Amino acid sequence: MEIIRNPERASWKTILTRPAQDASSLRETVEYIFKEVQQQGDRAVRQFTEKYDGIRQENLLVSGEDFERADNEVDENLKQAIQAARLNIELFHQKQKSSVIRVETAPGVECWQEKKPIEKVGLYIPGGSAPLFSTVLMLAIPARIAGCQEIILCTPPLADGSIHPAILYTARLCGINVVYKAGGIQAIAAMTWGTTSIPAVYKIFGPGNQYVTAAKQRASLQGVAIDMPAGPSELLVMADATADPAFVAADLLSQAEHGPDSQVILVTTCPELPDLVAAEVEKQLAELPRKEIAAKAMENSKLVSIEKAEDAIQLVNDYAPEHLIIVCEEEAYYLRHLRNAGSVFLGAYSPESAGDYASGTNHTLPTNGYARQYSGVNLDSFLKSITFQRISKSGLANIGPTIEIMAAAEGLTGHKNAVSLRMKRIQDDSRY
């Protein structure tokens with residue numbers, strides 16, 4: 001951990017730099033795998049699964065027996081926890097439904113907007129050292145509420161070739177019965193091109209490592225929409241002297257244990273807090289089973305003490321964190337000036353872990369500064385808006401001259417004629 005005190009504004013960009021990634025080699029790898037999957041389909045998916053995951057398998061689709069086995073293997077306490085979290089997440093996303101918007105913009109001109117579900121969506125669920133069954137809840141629930149017709153799920157297999165039982169249990173609980181044993185770049189490529197086993201989809205959702213993120217960006221070049229560029233996890237804690245150092249350290253470590261490429265930052269107006277938090281981090285880190293991963297991530301962490309509140313919130317906005325915890329007496333001030341964050345947690349008893357699992361908000365969020373222009377996954381992520389309009393004769397008579405003048409000014413005579421012909425018919429009809 002690096003403690004930085006009262007940095008000059010000129011150094012902020014350096015301070016806020018994310019862990020470096022070799023984008024050039026990533027692009028080469030992604031392009032190669034995409035080409036192979038396009039040409040060889042399932043065969044390429046199986047080959048890359050064997051190469052990167054060490055698993056040789058013939059059938060990519062999870063069977064009904066696999067689902068039944070998973071149901072028996074998941075602990076009952078965990079089942080109850082997943083069910084409780086599902087209820088909160090469903091409630092929050094159900095409330096995001098909006099009604100049809102209808103407006104008469106001019107007499108006889110009625111416009112409205114309706115939201116329709118994206119027909120085919122693919123959900124990517126990371127596996128690896130921490131199979132994120134909670135992400136199944138975050139993606140499958142809004143997909144179902146939105147009414148998506150075809151929902152498939154891809155997730156990397158475990159060392160024995162199976163899928164983590166909690167992932168399968170949660171998928172079935174959310175009504176997802178089509179799950180494929182495929183992860184990484186090859187899974188994203190399969191959902192982009194379509195293979196004999198894995199269908200192509202219109203939009204891909206889900207977090208992942210830098211390889212998955214690069215693959216999703218490649219998919220978007222092929223006309224497949226993605227939720228957002230979601231890479232390694234990150235957290236920024238904005239705290240003052242009222243914050244509990246033990247709580248702050250626990251929050252930082254909760255994100256650091258995601259992976260060695262995660263990043264956590266403390267920004268504080270209390271000059272003593274960084275040292276107190278650093279001491280707590282050392283104490284708590286020793287007790288974590290994933291302490292080696294967390295320790296590696298903490299090498300990318302920064303504990304920044306800054307005097308002025310206006311500089312502190314500007315630093316936060318410049319970083320645009322995926323997760324932001326605010327524990328400050330002047331909370332209202334920071335909220336008033338906050339512009340960039342994926343999800344915000346307010347007060348000493350709102351740990352980021354709550355949003356990861358059970359409070360109800362979605363944990364699939366923009367990282368790497370993309371919170372400046374992206375929202376986290378929500379119900380609208382699975383919907384598209386279609387506008388409609390109905391114009392009566394009197395309505396076209398009202399706005400027709402406006403259209404004619406504007407079309408003529410742009411030199412688009414065909415546009416003008418489409419109105420003028422109708423206007424003439426309206427005038428002729430009115431004579432009789």
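1. Five strands form an open sheet in the order β6-β5-β4-β7-β8, and their pairing is parallel. At the edges sit β6 (179–181) and β8 (225–226), each of which pairs on one side only. A quick note on words: strands (E, at least two residues) and helices (H or I, at least four) are DSSP runs, numbered from the N terminus. Two strands pair if DSSP finds at least two bridges between them.

2. Now zoom in on one pair from that sheet. β4 runs parallel to β7 (residues 203–205), and three bridges link them. Which residue of β7 is the bridge partner of leucine 123? That partner is phenylalanine 205.

3. Before going on, some housekeeping. Residues are numbered from 1 along each chain as its sequence is written, and side-chain values use heavy atoms, with hydrogens and water left out. Since the model is predicted, local features need pLDDT of at least 70 and side-chain atom pairs count only at pLDDT 80 or more, while totals for chains, interfaces and linings use all residues.

4. Here's the whole chain in a few numbers. The protein chain has 17 helices and 14 strands, and its C-alpha trace spans about 90 × 60 × 45 Å along the principal axes. Of its 432 residues, 48% are buried, where buried means under 20% relative accessible area, exposed over 50%, and partly exposed in between (1.4 Å probe, protein chains only). Take the contacts (heavy atoms within 4.5 Å) with a separation of 6 or more: 74% of them join residues 24 or more positions apart.

5. What about the nonpolar interior? A nonpolar core is a set of buried Ala, Val, Leu, Ile, Met, Phe, Trp, Tyr and Cys residues joined through side-chain atoms within 4.5 Å. The largest one has 40 residues, and Val121, Leu123, Leu153, Ile176, Val179 and Phe382 touch the most other members. Among the elements that give two or more residues to this core are β4 (120–124), β5 (150–155) and α6 (133–146). The most comes from α6, with 10 residues. There is also a second, separate core of 28 residues, including Ala182, Ile188, Ala215 and Val224.

6. Phenylalanine 382 deserves a click in your viewer. Setting aside neighbours within four places in sequence, its contacts include Val121, Leu123, Leu139, Phe205 and Val377.

7. Look at helix α8 (residues 184–193) too. Nine of its 10 residues are buried, so the helix counts as mostly covered. Among the buried ones are Gly184, Ile188 and Met191. Just after α8, glycine 194 takes a positive phi of about 85°.

8. Next, a run of antiparallel strands. β2 (residues 101–106) and β3 (residues 109–117) run antiparallel and are joined by five bridges; in β3, cysteine 111 is the bridge partner of valine 103. This hairpin has two residues between the strands, and glycine 108 there takes a positive phi near 85°. β3 also pairs with β14 (residues 383–391), again in the antiparallel sense, over nine bridges.

9. Is valine 264 buried or exposed? Valine 264 counts as buried because its relative accessibility is 2%. This residue lies in β10 (residues 263–268). Beyond residues up to four places away in sequence, valine 264 touches Leu235, Leu252, Gln255, Ala256, Met298, Asn300, Ser301 and Lys302.

10. Serine 134 is found in helix α6 and is buried at 6% relative accessible area; leaving out residues up to four places away in sequence, serine 134 touches Asp356, Tyr357 and His363. Asparagine 317 sits in helix α13 (residues 309–319) and is buried at 2%. With neighbours within four places left aside, asparagine 317 is in contact with His337, Leu338, Arg339, Asn340 and Arg372.

11. Last, the charges. The chain has 42 positive and 53 negative side chains, with the centres of the two sets 11 Å apart. Lys and Arg count as positive and Asp and Glu as negative, while His and the chain ends are not counted. Each charge is placed at NZ of Lys, CZ of Arg, CG of Asp or CD of Glu.
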